[in-house]
Amino acid sequence: MYYPTMPPQKMDKVLVLLNCFPSLHVPHHLPSSPPISSTSPSPPSPTRRALSLSIISLSTALFSIPTFSCPAASSATSITDFLDLPNSGGVKALDLRIGSGPVPDEGDQVAIHYYGRLAAKQGWRFDSTYDHKDSAGEPVPFVFTLGSGKVIAGIETAVRSMKVGGVRRVIIPPSQGYQNTTQEPLPPNFFDRQRLFTTIFNPTRLANGEGSTLGTLIFDIELVSLRNQ
């Protein structure tokens with residue numbers, strides 16, 4: 001699947017929104033963003049309107065994602081900005097909590113908890129491992145082998161530089177997100193999967209040049225454990 005690259009001037013508008021965090025201390029619920037209005041008297045073109053809606057959706061999603069409900073969250077390190085992860089294809093990260101454990105190596109089996117949201121749907125949460133329960137009612141982490149290629153690239157990139165116990169919020173551009181409907185993690189609910197993929201791979205909207213915004217994902221990831229293979 002080919003996604004056109006977002007022009008630098010358009011990405012700058014997204015970065016302005018990301019830089020609106022003067023100091024983020026990981027509260028249990030981030031405040032909702034204020035409504036964004038336009039004062040332009042002329043109607044925007046379809047491409048500009050799509051970009052504006054995407055930026056509003058991304059802003060809303062970033063401010064409305066609940067953080068992991070762990071006791072240590074309230075004392076997490078304050079980070080002032082999202083950073084570009086090196087050699088990531090545009091993945092941006094904000095560490096909500098720095099872990100104290102080891103960093104995984106290629107080929108390690110890692111277990112993560114996550115909240116996954118879709119920016120194009122106003123931050124709709126399409127999946128969360130905390131909703132996946134075992135027979136005892138405990139949440140089941142998502143386990144995968146780092147470097148296997150079965151998981152979307154943006155998650156693998158984010159986990160590679162995390163320490164066990166850490167929590168990281170990542171913004172994953174379409175090129176590093178879902179390229180097909182078999183890549184993991186997959187929402188277990190059929191209707192959630194259908195809604196996710198019909199949005200990302202909508203042929204009409206892709207033809208209208210919205211490919212650089214449709215598949216933008218926002219994940220909160222907690223690296224729970226790893227096992228050397």
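Contact here means heavy atoms within 4.5 Å. I am working from a predicted model.

**Entry 1. Helix H4**

I began with H4, residues 190–200, and asked which of its residues are buried. I found Leu196, Phe197, Thr199 and Ile200. Looking down the axis of H4, I saw these buried residues fall within an arc of 160 degrees, so they line one face of the helix. The general rule I kept in mind is that an α-helix has 3.6 residues a turn, so residues three or four places apart point the same way.

Next I looked up what covers the buried residues of H4. The cover includes three strands, E3 (109–118), E4 (124–128) and E7 (217–227). It also includes helices H5 (203–207) and H6 (211–214).

At the N-terminal end of H4 I found a cap, Asn189. A side-chain oxygen of Asn189 lies 2.9 Å from the backbone nitrogen of Phe191.

**Entry 2. Aromatic pairs**

I looked up the aromatic pairs and found 10 in the structure. One of them is Tyr114 with Phe142, with ring centres 6.1 Å apart and planes at 85 degrees, so I noted it as edge-to-face. Tyr114 belongs to strand E3 and Phe142 to strand E5 (residues 142–145), so this pair ties together parts that are 28 residues apart in sequence. I checked both for burial: Tyr114 is buried, and Phe142 is buried too.

I then took Phe190 and Phe191, whose ring centres are 5.3 Å apart and whose planes meet at 75 degrees, so this pair is also edge-to-face. Phe190 is partly exposed at a relative accessible area of 46%, and Phe191 is exposed at 59%.

I also listed one aromatic cluster, formed by Tyr114, Trp124, Phe126, Phe142, Phe144, Tyr178, Phe197, Phe201 and Phe219. What sits over the ring of Trp124? I found the charged end of Arg195 there, 4.2 Å from the ring centre.

**Entry 3. The E3–E4 hairpin**

I checked how E3 and E4 pair, and noted an antiparallel arrangement over four bridges. Leu118 stands opposite Trp124, a residue of E4. The hairpin has five residues between the strands, and in it Gln122 takes a positive phi near 55 degrees. For E4 I found four of its five residues buried, so the strand is largely enclosed by the rest of the structure.

**Entry 4. Ile152**

I looked up where Ile152 lies and placed it in the loop between E5 and helix H3 (153–160). Is Ile152 buried or exposed? The cut-off for buried is under 20% relative accessible area. Ile152 has 0% relative accessibility, so I count it as buried.

I listed what Ile152 touches, leaving out residues up to four places away in sequence. The list is Ile172, Gln176, Gly177, Tyr178, Gln183, Glu184, Pro185, Leu217 and Phe219. For Glu184 I also noted the C-alpha separation from Ile152, which is 6.2 Å, although the two are 32 residues apart along the chain.

**Entry 5. Arg97**

Last, I looked at Arg97, which lies in strand E2 (residues 92–97). Its relative accessible area is 13%, so Arg97 is buried. I asked which side chain makes a polar contact of 2.9 Å with that of Arg97. The partner is Glu222.

Conventions:
Residues numbered from 1 in each chain as written. Predicted model: local features only at pLDDT ≥ 70, side-chain atom pairs only at ≥ 80, totals over all residues. Heavy atoms only, no water. Helix = DSSP H or I, 4+ residues; strand = E, 2+ residues; numbered from the N terminus. Buried < 20%, exposed > 50% of the residue type's maximum accessible area, 1.4 Å probe, protein only. Polar contact = N/O pair within 3.5 Å; in protein donor to acceptor, adjacent residues only side chain to side chain. Arc of directions from axis to C-beta. Phe/Tyr/Trp six-rings, centres within 6.5 Å; stacked < 30°, edge-to-face > 60°. Lys NZ or Arg CZ within 6 Å of the ring centre and 35° of its normal. Pairing = 2+ DSSP bridges.
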